[in-house]
Amino acid sequence: MSPSPRSSDASAKPARELWGTRWGFVMAAVGSAVGLGNMWRFSYIAAEGGGAAFLFMYIIMIALLGIPLMLCELTVGRKTQLSPIGALRGLGGRAWVPLGMLFVLTGFLILSYYSVIAGWTLRFAAESITVGFPENPGAHFGEISAGLSAVVWHLAFMALTIGIVMVGVQKGIERAALILMPSLVLIVLGLAIWAAFLDGAGEGYAFYLLPDMGQLMDPTVIRQATAQAFFSLSLGMGAMLTFASYLSKDTDLNQEAVTISFADFGVAFLAGLVVFPVVFALGLQGDVSASTVGALFISLPGAFADMGGIGRLVGFLFFLALSVGAVTSAISLLEVVTSSIIDETGMGRRNAAIGMGILIALFGLLSAFNTDVLGLVDAIAGDLFLVIGALAMSIFVGWAMKADPVEELRRGAGKRFYSLIPFVVVLIRFVLPPVIAVILFFALQDTWGAITGFFAG
Ligand code: PHE
């Protein structure tokens, strides 16, 4: 047996891989959070929810529910150093295994359609160089969004994701995130500055930033803001839990949770500062608030086409940033599934990543051939399962796990957070479960509506 301290474990199991640096973990977690959710999902859901009214609820939900939930996932991952199924079994017993399985299923389902959308994104980035943006974006989207060409880009994107996850935590995931995330932020920042100079930007800002009080109390807006907060922060399906399982036990989780959440919100907010001025400058608001999954892929290419040469450059950068965000998020989705297979069956990383990646890619063909299926799987996994997962996770950490949450969160905590922790645990115990339960009630209705709508054609 090897003399290295980490592998001197009595069992023959190889030591768990850890992140190379703290910054590497933060970038990978931010990479998981920042993705299509920040631009594609955020902008159309924000438009549907009345822009600023949605934004306002969204900020509240991140602070009230998002950060405490992220802490729940991070603690469980760091403590057990296991992927979701094993982690929940270890701290809660067999009864919690199904929740771990739900996490894996959710990761599987989300990645299956996420990859199709990422495929559209890659295609727009590539075509902005080769042929430019389409004159008739609606018709063009109809042609490329479903069918054989969507399949090809979907498979290409899955291959890229598998390629990174296969290589491992440090050499694959961490290295990719360290390069890709800072570039993404720079691109989106540059685009937001550019958009500020468009004619009509003011109107876009007004829609985005001035709340219409009437919509604030709309249960659908509240439900959507919550589900979007979970989706965007990668919560409710074990991604943060899995990433935290590669952390050493003395990391300050509180600091990390705040950093990750701020970074994620920051990029979504910046993306809004790009999308809304562009959309209003070209009078395309109808397209966006028509709020189909295609909104961003119809209105923005149309806008870029109208802008001639500069549009090609700006459009390229936009879709490049989007693709980058998509890759680092997809990595985390596949990692949840892969690490569970590794931990539960003892299979090697390479085989687990390739095998599960192929299954997900195959299931994703359904979404690649039909955007209605894509919307349906998103309504089920993205809007409903994440809320169920979040509710169960808050109950687990607040009430069920065999460890004291205050003590766990205090481990490694800096001075700034130490005294706040009992308050956070009160939130986790008494505020999260009832609030998320109410939201689940609305989510069930909305998802049921999406399912019946789908079958009614
Ligand atoms: N947070 C990612 C995004 O905004 C999507 C995601 C959801 C990733 C859940 C992992 C887990 O695009």
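**Notebook: aromatic rings, a surface patch and a buried glutamate**

I located Val426 in helix H21; helices here are DSSP runs (H or I, at least four residues), numbered from the N terminus. The model is a predicted one, in which local features need pLDDT of at least 70 and side-chain atom pairs count only at pLDDT 80 or more, while totals for chains, interfaces and linings use all residues. Residues are numbered from 1 along each chain as its sequence is written, and side-chain values use heavy atoms, with hydrogens and water left out.

**Entry 1: the patch**

I noted that Val426 counts as partly exposed because its relative accessibility is 43%. Buried means under 20% relative accessible area, exposed over 50%, and partly exposed in between (1.4 Å probe, protein chains only). Helix H18 (371–400) and helix H21 (421–456) each supply at least two residues of the patch.

I also found the charged end of Arg429 over the ring of Trp399, 5.4 Å from its centre. This requires CZ of Arg or NZ of Lys within 6 Å of the ring centre and within 35 degrees of the ring normal. The charged end of Arg41 sits over the ring of Phe231, at 4.3 Å from its centre.

**Entry 2: ring pairs**

I recorded 31 aromatic pairs in the structure. Rings of Phe, Tyr and Trp (its six-membered ring) pair if their centres lie within 6.5 Å; planes under 30 degrees apart are stacked, over 60 edge-to-face, the rest tilted. Phe54 and Tyr58 are stacked because their ring centres are 5.5 Å apart and their planes stand at 15 degrees. Both lie in helix H3 (residues 52–80), four residues apart, about one turn of the helix. Phe54 is buried, at 0% relative accessibility, and Tyr58 is buried at 0%.

I then examined Trp120 and Phe297, an edge-to-face pair at 5.1 Å centre to centre and 80 degrees between the planes. This pair links distant parts of the chain, 177 residues apart: Trp120 is in helix H5 (residues 97–130) and Phe297 in helix H15 (residues 295–306).

**Entry 3: Glu408**

I placed Glu408 in helix H19 (residues 405–410). Glu408 counts as buried because its relative accessibility is 3%.
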